[in-house]
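Biologist: Please show me the structure, and let us then examine on what grounds its features are named.

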Amino acid sequence: METKKYVKLFFFFSINVLSVFIVNAQDVLPFPPAPSASQAGVTIETSSYKKRTEPKHLPANAPNILIILMDDAGPGAPSTYGGEINTPTLSRVANTGISYNRFHSTAMCSPTRASLLTGRNHTRVGNGQIAAIANDFDGFSGTIPKSSATIAEILKDYGYNTAAFGKWHNTPEEQITSKGPFDYWPTGYGFEYFYGFLAGEASQYEPTLVRNTTYVEHPKTSGGHNYYHLSEDLADDAILWLTEQKAYAPEKPFFVYWAPGAAHGPHHVMKEWADKYKGKFDDGWDAYRERVFKRQKEKGWIPQNTLLTPRAESMTSWANIPESEKPFQRRLMEIWAGFAEHADFNAGRVIDEIEKLGELDNTIIIYIWGDNGSSAEGLNGTISEQLAQNAIPTKIEQHITALNELGGLDVLGGPKTDNMFNAGWAWATSTPYQGTKLQGAYFGGTRQPMAISWPKGIKHDKTPRPQFHHVIDIAATIYEIDKIPVPKVVNGFPQDELDGVSMVYTFTDPKAPGTRHTQFFDIMASRGIYQDGWFASARGPREPWVGGIPKGIKQWSPLTDTWQLYNLDQDWSQAVDLAAKEPKKLEEMKALFLTESAKNKNLPIGGGLWSTALYHPEDAPSSPLTEWTFDSPIKGMPESAAPKLGKVSSTVSMDVEVPENANGVLYALAGFSGGVTCYVKEGYLNYEFNLFEVQRTKIKSKDKLPKGKVKIEVESKLVDKIGGAMNVTLKVNGATVGHGTVPTAMSLHFTSNATFDIGTDLDSPVSLDYFDQAPFSFNGKIGKTKITYSK
């Protein structure tokens, strides 16, 4: 009986092990390791040896994959499809492959990237808004769950080498310090290699960069030049990685995700690139739209019966811009154009390397022009684009005055400004549609031109594919090409169903009926719902190009929003609102939107607004600490995880040993485009609150610091609420030596990618007073620094 019992147990165990192996082979990743092919005896002589063979999980000659994702670039910009920004690389991909003219994003950075990489709708994977304003609602948490594995995770397990370059923007803000945790960094999501920046934007000249999980300094030069620019650096690094991948693992295909910071703000590019567009936009954004609209029809990019949508009443016409301001507005657009072309050029360098390695024929290149439409966050044109995110209203004269103090128009596009163009240009480069980035209700925010080439697998066809598709469909397309079934379990996590559908059916037939029947959109309550040719949308509580706090925002409710209705089969550009004529259809679509929202964790409607400057900036992602002690100077602490100096009431206390001829930075948060700094110059203690370049509050001690050991304190107290005035007091050895009031403090953050340093200012210098001496390290000794929040 005992023997039979063990036989049954063995049989049961064997069947279960076998079933697990079978399931693993199809539905569970990673694959189990190949068992040994050798048989071990008691001795070597009684053993047999045979080297194990790792099974291949991919089809023979599985293609390489390159995804190029541009940033904040609207559909009316690229010359490939009728715009006036030169895009030879996009044209190269389109002219060897196929293009899509009804492909869509989410209208915002992090949400689009999360959807693209996972194949799921943005709120289903916790990315209802950018990571910098994440909150506690499931759909808006800012964290991609492990139950939605990325393309990189799955392709890596199947045998690809995987790498990502450039902008990431999908890691929780408070987790991006050098101490992690790293589970939600690119390397925790399946990328074997990462080089780029974790935040939503970066200075193109002085970025804060990460290689894998280590913060690194950028090179001194890039692209073979005697200067540095981030787009070039990202191409350089990708080229090196591709060269090494070919040398080290030629048997493996590669998956590369190349996502530069361009053309997101700040708009930074060398003068010679901007100068290529001198005079090309002199007649303004209204005229630009007319020209591009005509060219889009001539190219067959949009149907002949498409209507050009009008400018919103709240947006200024070019004719109403004062003549004295027009040179400033023109130059901002010239810089953006040069910036976008420069990024396209560097994408071409990556493709050139693939061709040089002999891999181009069997490489799928997916080039998506924009993770959303062009950005209107520059409002009326700005030298410091974070003003919009902090909801700080300004006048254009303030920007021009500050710019003239820095050196005039020639300074734009360089390291002394974080410029962005007038929202009119964002609207123009979204021709022929309504809206811009941040508007899920309109295709100006969501419709992204896309080209796909694969010489070995796709025959070139110039006919645009008009099927309605979305970034969530890229993952399913790749899986079908590689014959990869969507796994049920990855790294022990049961997987959410894919929302995307494959687009492979469109490769050979441009007129094939579309397979995506329904798609919802929602960014900050600007929302819409597509179903079988119909589109219903509601603008939401704000327009991105209107600065400050929208009137009535505290009383806004999604239940009272006005909805619009469009028949896209007859109205390509959302130009004819049928809401009044088709009330029954509109109600049906609104009900469908709520159903899709419930399915996709898109509740509450407007949940992405919670942690913004409009509602609860105190709930924006930040370190849980309210007290820090630094026993010695530090550098490179990401602003998102650093003390929120300039936002909340705080006291900075420092033990300092002051030398003869004392000079240097005691501490600095953020950079030249906005930040707080405390420094010693010629023996005097100085404090500066740089409100995004347009307003600088400076406080200087009456007397020089005494030599020797000194306790320095900086007390900052909000007068009323976050974003309001702040009183600042400087103390030396307990005695007040300086006092002043910051008229307007910061409500969200100074930058997305700068850092906090003690004893130096390693980012772009916060203050003009030591700009030419940066990083202006302190020449004395700094002991303990203690920072405490106060009420």
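**Pockets, burial and pairing**

Modeller: Strands β8 (214-216) and β20 (637-638) each supply at least two residues of the lining of the largest pocket. The model is a predicted one.

Biologist: What makes a residue part of the lining of the largest pocket, and which residues lie nearest its centre?

Modeller: A lining residue has an atom within 4 Å of a point of the pocket. For the largest pocket, 26 residues line the space, and Pro207, Glu217, His218, Leu762 and Asp763 lie nearest its centre. The volume is about 890 Å³.

Biologist: How is the lining of the largest pocket divided into nonpolar, polar and charged residues?

Modeller: The lining has 13 nonpolar, 6 polar and 7 charged residues. Among those nearest the centre are Glu217 and Asp763; Asp and Glu count as charged, so these two belong to the charged class.

Biologist: Which helices supply the lining of the second largest pocket?

Modeller: Helices α4 (151-158) and α5 (230-248) each supply at least two residues, and the largest share, 3 residues, comes from α5. The second largest pocket has a volume of about 620 Å³. Its lining comprises 29 residues, with Lys56, Gly159, Glu251, Lys252 and Pro253 nearest the centre. By class, the lining residues are 14 nonpolar, 7 polar and 8 charged.

Biologist: Why is Thr363 called buried?

Modeller: Buried means under 20% relative accessible area, and Thr363 has 0%, so Thr363 counts as buried. Its place is in strand β10 (residues 363-368). Thr363 touches Asn64, Ile65, Leu66, Phe254, Ile354, Ser453, Trp454 and Pro455, not counting residues up to four places away in sequence.

Biologist: What makes the approach of Thr363 to Asn64 a polar contact?

Modeller: The cut-off for a pair of N or O atoms is within 3.5 Å, and the side chains of Thr363 and Asn64 are joined at 3.2 Å, so the distance meets the cut-off. A polar atom of the Thr363 side chain also lies 2.6 Å from the backbone oxygen of Glu359.

Biologist: Why does Asn422 count as buried, and where is Asn422 found?

Modeller: The relative accessibility of Asn422 is 5%, which is under 20%, so Asn422 counts as buried. Asn422 is found in the loop between α10 (396-406) and α11 (423-428). The Asn422 side chain reaches the backbone nitrogen of Gly424 at 2.8 Å. Not counting residues up to four places away in sequence, Asn422 touches residues including Trp285, Ile321, Gln329 and Asn380.

Biologist: How do you know that helix α3 is mostly covered?

Modeller: In α3 (residues 109-118), 10 of its 10 residues are buried. Among them are Cys109, Pro111, Arg113, Leu116 and Thr118. Just after α3, Gly119 takes a positive phi of about 80°.

Biologist: What makes β1 and β13 a pair of strands?

Modeller: Pairing requires at least two bridges, and 2 bridges join β1 to β13 (residues 489-490), so the two strands pair. They run parallel. The bridge partner of Leu29 in β13 is Val490.

Biologist: Why are β1 and β14 called edge strands?

Modeller: The open sheet of 3 strands has the order β1-β13-β14, with mixed pairing. Strands β1 (28-29) and β14 (493-494) each pair on one side only, and they are the edge strands.

Note on methods
Residues numbered from 1 in each chain as written. Predicted model: local features only at pLDDT ≥ 70, side-chain atom pairs only at ≥ 80, totals over all residues. Heavy atoms only, no water. Helix = DSSP H or I, 4+ residues; strand = E, 2+ residues; numbered from the N terminus. Buried < 20%, exposed > 50% of the residue type's maximum accessible area, 1.4 Å probe, protein only. Polar contact = N/O pair within 3.5 Å; in protein donor to acceptor, adjacent residues only side chain to side chain. Contact = heavy atoms within 4.5 Å. 1 Å grid on protein atoms, 1.4 Å probe; cavity = no way out; pocket = protein on both sides within 12 Å on 5 of 7 lines; lining within 4 Å. Points joined across faces, edges and corners; volume = space filled by probe spheres on them.
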